[in-house]
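Please work through each task before reading its solution.

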Amino acid sequence: MLSDAQIVTFREQGYLNVGRVYDDKYVDGLRNRLEQVIAGKSETDPEALRNLRGDDMEGAEVVIQVVNIWEADDLFKTHLFQPAICEMASELMGCGTVRVWHDQIQFKPPRKGGPTDWHQDHPYWPIIQPADLISAWVALDDATIENGCMHMVPRSHHWGPHKGGTIGTVSDGFTPDPDMSRIPPGEDIKVVPCEVKKGECMFHHCLTWHGSPPNLSETGRPAIAVHYMPGYTRYEPNKTHLMEKRVEVQPGALLKGPYFPTVWQNGPIAPLTP
Ligand SMILES: O=C(O)CCC(=O)C(=O)O
């Protein structure tokens, strides 16, 4: 359970590290399963397994994205329902019902892990409204400045959607280069590196500007984000999205169903079989 001060900080800043949610042994289990899924050794496939930096998984710059690893692995399915995380998501969103939009791994391998460009999440999710989702990002090993931890711009979730979610980067490599006409007067663009220790969880709002630099270190940077939606989130098709083929409700209806599990309903829920 979060304190009032933590909830206020999240609402003001747009992100919050809530500390440890798993012990090292459990994280090692998840990490091991992640390696199996990336190696193509799971019984079922996730929604997507690809290199976000190009077509070649063995290329010079790699960010391995796995979408809905929970469909491929039961330990990750259980992770969606982790009661402490779901309770905090409910508190931060101020909603008694919490569902999963989808999960997402971005694994940056050693030495050639690419950057994740500055962006906001919600503009990449054009089939769901409103933009009240939050993500729980759990480090499966220490995420450090050297291996490409997430960087956040505090308060940016108050500034509205920005040019389709893309913020831009100046030529120094990793400073946001926004359209300044969209930044409210008096606001300050400050980049905060957010190191997250193995087993800790950091939440961010779906309009908070964030990105992560390359991983040129000797260790990989494994982490999982679960994108949680408040129970009042609706399917409002506009453009398309990878997950749209899983939607079974009518336009305008609450987005729910076997692929968008309810993980908290004023209390914990046991994992379901899709
Ligand atoms: O893991 C990363 O570095 C980026 C993840 C991300 O953009 C997200 O979870 O929204």
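**Exercise 1: Backbone features**

Asparagine 68 lies in the loop between β3 and α3 (74–80), where helices (H or I, at least four residues) and strands (E, at least two) are DSSP runs, numbered from the N terminus. The model is predicted: local features need pLDDT of at least 70, side-chain atom pairs count only at pLDDT 80 or more, and totals for chains, interfaces and linings use all residues. Residues are numbered from 1 along each chain as its sequence is written, and side-chain values use heavy atoms, with hydrogens and water left out.

Task: State what phi asparagine 68 has, and identify the residues joined by a cis peptide bond.

Solution. Step 1: Asparagine 68 is not a glycine, yet its phi is positive, at about 55°. Step 2: The cis peptide bond joins glutamine 129 and proline 130, with omega about -5°. Step 3: Proline 130 is placed in the loop between β6 (128–129) and β7 (134–139).

**Exercise 2: The largest pocket**

Task: Give the volume of the largest pocket and describe its lining by class.

Solution. Step 1: A pocket is defined on a 1 Å grid over the protein atoms alone, as an open set of points where a 1.4 Å probe fits, with protein on both sides within 12 Å along at least five of seven lines; lining residues have an atom within 4 Å of a point. Step 2: The volume of the largest pocket is about 640 Å³. Step 3: Of its 30 lining residues, Leu52, Gln65, Gln104, Gln106 and His119 are the closest to the centre. Step 4: The lining of the largest pocket divides into 13 nonpolar, 12 polar and 5 charged residues. Step 5: At least two lining residues come from each of β3 (64–67), β4 (97–107), β5, β11 and β12.

**Exercise 3: The ligand**

Solution. Step 2: Around the ligand are 13 residues, with His119, Trp137, His210, Ser212 and Arg221 coming nearest; a residue counts as near if one of its heavy atoms lies within 4 Å. Step 3: The shell comprises 3 nonpolar, 7 polar and 3 charged residues. Step 5: Taken alone, the ligand exposes 290 Å², of which the protein buries 98%.

Conventions:
Accessible areas come from the Shrake-Rupley method with a 1.4 Å probe; for residues, only the protein chains shown count as cover. Ala, Val, Leu, Ile, Met, Phe, Trp, Tyr, Cys and Pro count as nonpolar, Asp, Glu, Lys and Arg as charged, and the others, Gly among them, as polar. Grid points are joined across faces, edges and corners, and a volume is the space filled by probe spheres set on the points.
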